[in-house]
Amino acid sequence: MSSNAVSVQAILGVQYKWKGGRGMSAEHDDATAKTTGADLKHGCWRPDRCDRIALVLQGGGALGAYQAGVYEALHEAGLEPDWVSGVSIGAVNSAIIAGNRRDHRLQRLRTFWERITDRKIWHYTPDGDMFRAMRNATSSLMTVMMGQPGFFAPRQTNPWLSFAGAKGATSYYDSAPLRDTLSELVDFSLINDRKIRFSVGAVNVRSGNFLYFDNRDAEIGPEHVMASGALPPALPMVQIGTDYYWDGGMVSNTPLQYVLEQDDNLNSLVFQVDLFSSRGALPRDIQQVMARQKDITWASRTRYNTDVYRLLRKWKTRTYNALAKVPEECLTDEDRKRRDKLANLPEIAILHLIYQQQAYEGESKDHEFSATSMQEHWRSGYIDTKRTLARREWLQIPPDGAGVVVHDVHRERELTD
């Protein structure tokens, strides 16, 4: 465990113990369960005036265990999502959450992450960042050479040696193990029952167009989740119907924009869970340059998305004010419907959780699948979420007219300017 994790635990009074097959346990004073306005039902609750809880999961490979830790903390607090939406590894985590009943979700998440990190790297790692960096480099090299159990396996023939049009000519790895894992751990009939909304992003290989596979509009299967995580040239494109798809993170690595684009009047509490931070230190060597370049490339554009949302909301408000001044007899039926709909615009609170990279992690952190790192990422997501939920005022839906408000526990201030 890193020194940073130890200091945070000391501050929060949270003690962790990873239990194989059962995950982490924590002993703490959970103040969030006493939040004012909570509507307790089947062990779940939501803030007053909250119509929807959305869990938005970014892509980021091995870092995705952070999202599992976030969900564990939400699960313990009784905050279960009505909508899960993800890209790449976020799509896999989303499928496991939406494709299982509440009591089974954590167990299935743990089974997935323990399975794909089930490889011993070093039997002993000396203390210190230098040794940890060396161990992580060894782990990522083993991933490149051997793939990951239950996730992907190297092609028997390198694609550079395959003929054009051959099955293995377009990727270095075969993702068939992921299909088997998803079929075992995800009940797609639950996803298609639509009790929880589920959406994953992918990009059409031929057109380059980005789209979401949404259980509101389509029947979801393993191939939709695999398409969202098919990052080339490592993983093969996935055929759905007559089209082929790659990882949606190539175009947009977070579904936040899709959630904000919904043309409804539902007040929403959105947990946006990112694995790459747009903020970072100035690189000091070429390895740090590569790591920082990856962070910037794959980071969410939260500020841009919320700025666009605020601009659209401003024009909707202006349209409503204009229609409200027109005499009733001068309005058409369509004008009245538009006016009435614009009279009740939704309020949105976004709780932004971003994985904070450790000093010994480099540019290979997204394909470093050791069990030790997985547990650290999970632990970090759990702690960050507990810190966020402790700010009970952040869980409340913003007042009427506020629009969208963003909170980030690592910045400790509202991002509304």
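**Second largest pocket.** I began with the second largest pocket, which holds about 670 Å³ of space. The model is predicted, so I read every value here as computed from it. I counted 28 residues in the lining of this pocket. Leu-231, Ala-234, Leu-235, Asp-366 and His-367 lie nearest its centre. By class, the lining has 16 nonpolar, 9 polar and 3 charged residues. I then looked for the elements behind it: α3, α5 and α10 each supply at least two lining residues.

**Largest pocket.** Next I turned to the largest pocket, with a volume of about 1,100 Å³. Its lining comes to 44 residues. Nearest the centre I found Arg-279, Gly-280, Arg-292, Asp-295 and Gln-357. The lining divides into 16 nonpolar, 16 polar and 12 charged residues. Which element gives the most to this lining? It is α10, with 6 residues. At least two lining residues each come from α5 (129–146), α10 (286–298), α11, β12 and β13.

**Helix α4.** I ran the length check again on α4, residues 102–116. Its 15 residues should span 21 Å at 1.5 Å a residue, and the end C-alpha atoms are 22 Å apart, which agrees. I listed the buried residues of α4: Arg-105, Leu-106, Leu-109, Arg-110, Phe-112, Trp-113 and Ile-116. Why do I say that they line one face of the helix? Seen down the axis of α4, the buried residues fall within an arc of 160°, so one face is lined by them. The general rule is that an α-helix has 3.6 residues a turn, so residues three or four places apart point the same way.

**His-75.** I looked up His-75 next, and found it in helix α2 (residues 65–77). Is His-75 buried or exposed? It is buried, with a relative accessible area of 15%; the cut-off for buried is under 20%. Leaving aside neighbours within four places in sequence, His-75 is in contact with Glu-80, Arg-102 and Leu-106. I had already noted Leu-106 among the buried residues of α4.

**Val-186.** This residue sits in the loop between α6 (176–185) and α7 (188–192). Val-186 is buried, at a relative accessible area of 6%. Which residues does Val-186 touch, not counting those up to four places away in sequence? I found Ala-95, Ile-96, Gly-99, Asn-100 and Ile-191. I also checked Val-186 against Arg-108, 78 residues apart from it along the chain. Their C-alpha atoms are separated by 8.2 Å.

I went through the phi and omega angles. Arg-49 is not a glycine, yet it has a positive phi of about 70°. Its place is the loop between β2 (23–27) and β3 (52–57). Arg-49 is partly exposed, with a relative accessible area of 38%. Ser-88, also not a glycine, has a positive phi of about 60°. I found Ser-88 in the loop between β4 (83–86) and α3 (89–98). Ser-88 is buried, with a relative accessible area of 13%. Where is the cis peptide bond? It joins Pro-232 and Pro-233, with omega about 0°. Pro-233 lies in the loop between α8 (222–228) and β9 (238–240).

**Overall tally.** The secondary structure comes to 13 helices and 14 strands. Of the 417 residues, 51% count as buried.

Notes: Residues numbered from 1 in each chain as written. Predicted model: local features only at pLDDT ≥ 70, side-chain atom pairs only at ≥ 80, totals over all residues. Heavy atoms only, no water. Helix = DSSP H or I, 4+ residues; strand = E, 2+ residues; numbered from the N terminus. Expected span 1.5 Å × (residues − 1). Buried < 20%, exposed > 50% of the residue type's maximum accessible area, 1.4 Å probe, protein only. Arc of directions from axis to C-beta. Contact = heavy atoms within 4.5 Å. 1 Å grid on protein atoms, 1.4 Å probe; cavity = no way out; pocket = protein on both sides within 12 Å on 5 of 7 lines; lining within 4 Å. Points joined across faces, edges and corners; volume = space filled by probe spheres on them. Nonpolar A, V, L, I, M, F, W, Y, C, P; charged D, E, K, R; others polar.
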